[in-house]
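Please look through the structure shown here with the text beside it. The paragraphs go from the overall fold to single residues.

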Amino acid sequence: MARNNAKIPGRASIDNRLSSTDFRVLIAICRCIDMKTNCNHIKRETISNLSGEPDARNISRATRRLFEFGYITKSGNGGRSRPAYYRVFMDGERVSSDTIL
């Protein structure tokens, strides 16, 4: 269930690589995360509703960019009315053994 507030990575607010769609999609994902694990299962339709982005291709593009920039990981075969599993990396979290965001 989406909350009206979201815990988001602070670095996203000053990251010039993020488009407005990328930022809105990140916020939509963060609105649905479990606050203890920073993970969620969310459908692309839900991301669309929360971000205001109606085009599924733009949502897929944004989640791919968020992954490339180290904000999220995505697993599962989302799309086609199935949820994907997202993990959001907050500031200071380890993405790998030698990378700290």
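Which pattern does the protein chain follow, read along the sequence? The order is α-β-α-α-β-β-β-β, and the chain has three helices and five strands. Helices (H or I, at least four residues) and strands (E, at least two) are DSSP runs, numbered from the N terminus.

This is a predicted model, in which local features need pLDDT of at least 70 and side-chain atom pairs count only at pLDDT 80 or more, while totals for chains, interfaces and linings use all residues. Residues are numbered from 1 along each chain as its sequence is written, and side-chain values use heavy atoms, with hydrogens and water left out.

Confidence comes next. The predictor's confidence in each residue is given as pLDDT, from 0 to 100. The protein chain averages a pLDDT of 85, and 85% of the residues score at least 70. Among the elements, helix 1 (residues 20-31) has the highest mean pLDDT, 95, and strand 5 (residues 99-100) has the lowest, 41. The pLDDT is below 50 over residues 97-101, a stretch that has 12 contacts in the model beyond near neighbours in sequence. A contact means heavy atoms within 4.5 Å. Where pLDDT is low, the predicted coordinates should not be read in detail.

For the chain as a whole, buried residues make up 39% of the 101 residues. Buried means under 20% relative accessible area, exposed over 50%, and partly exposed in between (1.4 Å probe, protein chains only). The accessible surface comes to about 6,000 Å², and carbon and sulfur atoms hold 50% of that. These areas come from the Shrake-Rupley method with a 1.4 Å probe; for residues, only the protein chains shown count as cover. Of the contacts with a separation of 6 or more, 57% are between residues 24 or more positions apart.

Which residues have the most contacts inside the largest nonpolar core? They are I29, I47, Y71 and I72, in a core of 21 residues. The elements that give two or more residues to this core are helix 1, helix 3 (56-68) and strand 3 (84-88). Helix 1 gives the most, with five residues. A nonpolar core is a set of buried Ala, Val, Leu, Ile, Met, Phe, Trp, Tyr and Cys residues joined through side-chain atoms within 4.5 Å. In soluble globular proteins, nonpolar side chains tend to be buried together. Leaving aside neighbours within four places in sequence, I47 is in contact with V25, A28, I29, I42, G52, I59 and Y86.

T21 lies in helix 1 and counts as buried because its relative accessibility is 17%. Not counting residues up to four places away in sequence, T21 touches E53, N58 and A62. C30 is also placed in helix 1, and its relative accessible area is 0%, so C30 is buried. Beyond neighbours within four places in sequence, C30 is in contact with R3, A6, K7, I8, P9 and V88. The C-alpha atoms of C30 and N40, 10 residues apart along the chain, are separated by 8.6 Å.

The loops come next. N38 is found in the loop between helix 1 and strand 1 (39-42). Is N38 buried or exposed? N38 counts as buried because its relative accessibility is 6%. N38 has a positive phi of about 60 degrees although it is not a glycine. Most residues other than glycine have a negative phi. M90 lies in the loop between strand 3 and strand 4 (94-96), and M90 is buried, with a relative accessible area of 8%. Residues up to four places away in sequence aside, M90 touches K7, I8, P9, R11, I33 and N38.

K74 lies in strand 2 (residues 72-75) and counts as partly exposed because its relative accessibility is 41%. With neighbours within four places in sequence left aside, K74 is in contact with T63, A84, Y85 and Y86. The C-alpha atoms of K74 and Y86, 12 residues apart along the chain, are separated by 4.6 Å.

The charged end of R17 sits over the ring of F69, 4.2 Å from its centre. A charge sits over a ring if NZ of Lys or CZ of Arg is within 6 Å of the ring centre and within 35 degrees of the ring normal.
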